[in-house]
Amino acid sequence: MMSDILTIAYLTLFEARRKRIVAAALLCGAAFLTVFAIGMLAVFNDLGRRQVTFIERQTTIYMLTVAGLYAVNFLSVLFAVLLPVDAISGEIDSGVMQTIASKPIRRSDVLVGKWLGHWFVVAIYLLMLCAGVLLIGRLIAGHVQQNAVSAFGLMLLEMTLLMTVSVAGGTRLSTVTNGIAVLGFYGVAFIGGWVEQIGGIAGIPSARTLGIVVSLISPPDVLWRLGSYLLQPPILRDIGNTPFTATTVPSPLMVWWAGGFTIAVLIVAVRSFATRQL
Amino acid sequence: MNGAIGPPDRLRQGYGGPPELHAKAEGGPYVIETDGLRKTFGTTVAVDDLSLSVGPGEIFGFLGPNGAGKTTSIKMLLALVTPSAGRGAVLGRALGDRAARARIGFLPEHFRFHDCLTGRELLRFHGRLHHMHGVPLESRIDTLLARVDLIDAADRRIRGYSKGMLQRIGLAQALIHDPDLVFLDEPTSGLDPLGRLLVRDIISELRERGTTVFLNSHLLGEVEATCDRVAFVKQGRVVHVMSLTEMTTACVEVEMRIDPIDEALLVALSEFGGDVTRDGSNIVRIHVADEQVVPSIAKWLVAREVNIYALHARRKSLEEWFVDVMGEDQRPG
């Protein structure tokens with residue numbers, strides 16, 4: 001029932017606010033953006049003092065912006081994994097869940113409500129940091145980042161996937177075990193992405209194939225790589241690499257795969273929680 | 001305080017649910033009925049055979065030592081855990097049925113909730129889960145906060161509540177929707193004597209308005225003071241069910257300090273009852289069926305020129321029943 005889902009989602013948001021989780025996240029995000037802004041200003045001023053070509057200037061500003069988004073992506077990954085890591089397991093351990101589950105509410109509504117509440121917090125966090133980075137680039141250096149909306153959508157899907165895995169893990173695993181497992185899941189994706197990248201650069205088909213297989217098993221990192229590819233100016237796509245962007249371009253089909261993967265994990269989570277002994 | 005817990009004389013709905021579990025009893029179908037409910041966790045048997053029935057409006061005590069399976073039994077009735085075998089119905093519906101859960105209140109043992117909420121916010125949240133809103137919900141919250149004596153602490157976060165205050169706000173959340181059936185798992189745990197008295201009064205009010213209460217408690221004095229019937233659970237199995245009325249009219253123990261005592265006297269005394277025992281030089285105990293027998297014993301002793309220094313009749317307490325039913329093989333939990 002939708003009203004039950006919204007009631008649980010509201011409680012989740014209320015709790016996040018009351019426990020100062022949102023405040024802490026915003027404070028840390030503000031600190032990050034401040035450092036980024038100072039860096040952007042320093043680089044921009046330095047470029048102004050030196051005689052550099054327009055392309056060099058634009059490339060440097062672009063690289064700094066993408067580096068900022070790369071950091072945002074990493075911070076958001078941690079946020080998406082850790083925020084809901086005890087959403088289910090912690091409440092089962094403390095006995096809170098027994099009181100909620102005895103009410104006339106479907107367990108699926110409890111789980112989806114918690115998922116929705118956490119998703120909203122993660123989405124706002126990601127939006128604010130991305131918007132902050134892009135706004136700083138725009139205000140200080142006049143940089144207009146292309147494909148920003150598409151890249152944000154891919155990053156949001158990446159966070160949604162990780163958050164969903166974290167919620168699903170909580171239906172069966174203890175809080176600490178779940179945190180370790182979900183970060184391990186992301187770690188597999190991360191290293192798989194690098195294997196694929198290096199395989200692509202060095203021309204090693206087996207490494208590239210391994211990376212693709214890993215991306216199918218754990219798809220979050222491939223979404224960032226696709227997003228970072230979209231962020232590149234066309235000229236950079238043709239002439240070179242940056243440390244933060246993809247050299248091998250993931251297939252757009254991976255977006256559908258990741259979306260389906262997220263939905264499948266959410267369904268598994270609902271079923272797992274429905275049969276969990278409380 | 002009558003009527004503080006909920007409106008009196010509420011019409012009770014007819015029960016649906018599995019017809020095979022609708023053994024009719026006087027006064028209507030059972031509110032709780034189970035047949036061979038069993039729960040195992042791996043090789044561990046938590047509940048072996050839960051077979052019992054609780055009628056409408058009963059205050060039913062559920063007694064047993066630690067680890068007897070009481071909490072697991074309640075969790076099965078609330079569908080928090082799935083039975084491994086057996087059948088059960090609550091409010092005439094299958095275990096876990098949402099329509100039945102809408103009419104059930106539950107206070108878990110060691111009630112905990114998000115400690116960032118205030119007492120009032122906690123009750124508001126639970127009311128919304130029962131689809132209560134607006135003025136009726138706020139009015140109900142105020143009534144319950146007053147009833148559990150937490151008006152002063154209503155807008156404080158429950159993080160700062162004492163254990164007793166947590167139990168009381170937990171009790172209020174169990175009653176927020178004016179339920180027909182309330183499960184109370186150790187409701188007086190952590191409460192001081194005044195808090196216990198308050199819980200006892202609330203249970204009495206629930207009885208007056210016809211609410212069924214399933215009470216799991218270690219405090220036998222509380223159970224004795226509040227319950228209509230009790231079930232004794234041993235190693236996951238209901239071993240004895242009795243009414244408290246039965247307990248008060250059952251067997252009376254007579255203890256007498258008399259002199260002289262000989263074998264012939266003891267044999268003759270056994271005509272009045274059973275279990276005649278001699279303790280020390282001049283103490284004799286005998287179990288008789290009724291208090292009315294006591295004057296006859298006194299007259300008989302006087303007629304036999306036996307000196308009576310003391311004569312005392314007392315009924316068996318629930319604690320003694322508990323020890324007898326559980327047997328001597330039980331060890332403290």
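Helices here are DSSP runs of H or I with at least four residues, numbered from the N terminus. All views show a predicted model.

**View 1. Helix H4 of chain B and the residue after it.** Helix H4(B) covers residues 134-147. Asp149(B) follows H4(B) and has a positive phi, near 60 degrees. The 14 residues of H4(B) should span 20 Å at 1.5 Å a residue, and the end C-alpha atoms are 20 Å apart, so the two values agree.

View 2. Arg140(B), Ile141(B), Leu144(B), Leu145(B) and Arg147(B) are the buried residues of the helix. Seen down the axis of H4(B), they fall within an arc of 155 degrees and therefore line one face. An α-helix has 3.6 residues a turn, so residues three or four places apart point the same way. The packing partners of the buried residues of H4(B) are H3, helix H5 (163-175) and helix H6 (193-208) of chain B. On the face turned away from the buried side, H4(B) carries the exposed residues Val135(B) and Ser139(B).

**View 3. Helices H7 and H10 of chain A.** The axes of H7(A), residues 148-170, and H10(A), residues 220-231, come within 8 Å and cross at roughly 170 degrees. Angles over 145 degrees count as roughly antiparallel, so this description applies to H7(A) and H10(A). From H7(A), the contact includes Ser150(A), Ala151(A), Leu154(A) and Glu158(A); from H10(A), Pro220(A), Leu223(A), Trp224(A) and Gly227(A) are among the residues that meet H7(A). By class, the contact of H7(A) with H10(A) has 12 nonpolar, 2 polar and 1 charged residues.

**View 4. The contact between chains A and B.** Chain B gives 20 residues to the contact and chain A gives 18. On the side of chain B that touches chain A, helix H2 (98-101), strand S6 (104-107) and helix H3 (119-129) each supply at least two residues. The largest share of that side, 3 residues, comes from H3(B). Its residues divide into 11 nonpolar, 4 polar and 5 charged.

**View 5. Pro29 of chain B and the chain around it.** Pro29(B) lies in the segment before strand S1 (32-41) of chain B. With 21 other C-beta atoms within 10 Å, Pro29(B) is buried, the cut-off being 20 or more. Leu175(B) is 146 residues from Pro29(B) in sequence and 23 Å away in space, C-alpha to C-alpha. Chain B as a whole has 11 helices and 14 strands, and 40% of its 333 residues count as buried. Of the contacts in chain B with a separation of 6 or more, 70% join residues 24 or more positions apart.

Conventions
Residues numbered from 1 in each chain as written. Chains lettered and ligands numbered in written order. Predicted model: local features only at pLDDT ≥ 70, side-chain atom pairs only at ≥ 80, totals over all residues. Contact = placed C-beta atoms within 7 Å. Nonpolar A, V, L, I, M, F, W, Y, C, P; charged D, E, K, R; others polar. Buried ≥ 20, exposed ≤ 12 C-beta atoms within 10 Å, placed from the backbone. Axes fitted to C-alpha atoms, helices over the stretch in contact; angles between N-to-C directions. Parallel < 35°, antiparallel > 145°, perpendicular 65-115°, else oblique. Expected span 1.5 Å × (residues − 1). Arc of directions from axis to C-beta.
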